[in-house]
Amino acid sequence: MLNYFFYQTPLEEVTEIKELLNKKKTKLEALNFDEPFEEYNQSEILFEKVKQIAIDTQNEHLANAAFIAKLYFCLFCDLASYFSLLQNKEYKHSWDKLQDCLDDIYRVGQFVELDKRFELPFLTNY
């Protein structure tokens, strides 16, 4: 599902979503946890456009793939939020956010083939 979505390169919206997701991942790698949902919020309108394209073209596979990709994107925002809470010594609240991350990994993993789960196994072990 993730591969299917992210390889819909003829769709400008998917390309923009990929760019925003890569921006979020780059910020995480740089240990920048400020505004954890900034890129996700910017992508929501793009996800809605992809959903509408899927409805208009009766492409259920694209609609499902977009849903999973949105969950996948949310995972990285939840990770940023989790690390932000840790940085701010809000340990009690960080447990809830950590559980959100684990739930995100589980939900995405349910719909993605084992060999195409990108960072999910690494994040689960981490």
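Colleague: So what share of the residues counts as buried?
Modeller: Of the 126 residues in the protein, 44% are buried, meaning under 20% relative accessible area with a 1.4 Å probe and protein chains only, while exposed is over 50% and partly exposed lies in between. Keep in mind this is a predicted model, where local features need pLDDT of at least 70, side-chain atom pairs count only at pLDDT 80 or more, and totals for chains, interfaces and linings use all residues. Residues are numbered from 1 along each chain as its sequence is written, and side-chain values use heavy atoms, with hydrogens and water left out.

Colleague: Okay, new topic. How many aromatic pairs are there?
Modeller: Searching the whole structure gives 9 aromatic pairs. Rings of Phe, Tyr and Trp (its six-membered ring) pair if their centres lie within 6.5 Å; planes under 30 degrees apart are stacked, over 60 edge-to-face, and the rest tilted.

Colleague: What does the pair Phe-5 and Phe-6 look like?
Modeller: Phe-5 and Phe-6 sit edge-to-face, 5.2 Å centre to centre with 80° between the planes. Phe-5 and Phe-6 are both buried.

Colleague: And why is the pair of Phe-37 and Tyr-40 edge-to-face?
Modeller: Because the planes of Phe-37 and Tyr-40 are at 80°, with the ring centres 6.2 Å apart. Phe-37 is partly exposed at 24% relative accessible area, whereas Tyr-40 is buried at 11%.

Colleague: Which residues form the aromatic cluster?
Modeller: One cluster takes in Phe-5, Phe-6, Phe-37, Tyr-40, Phe-47, Tyr-72, Phe-73 and Phe-76.
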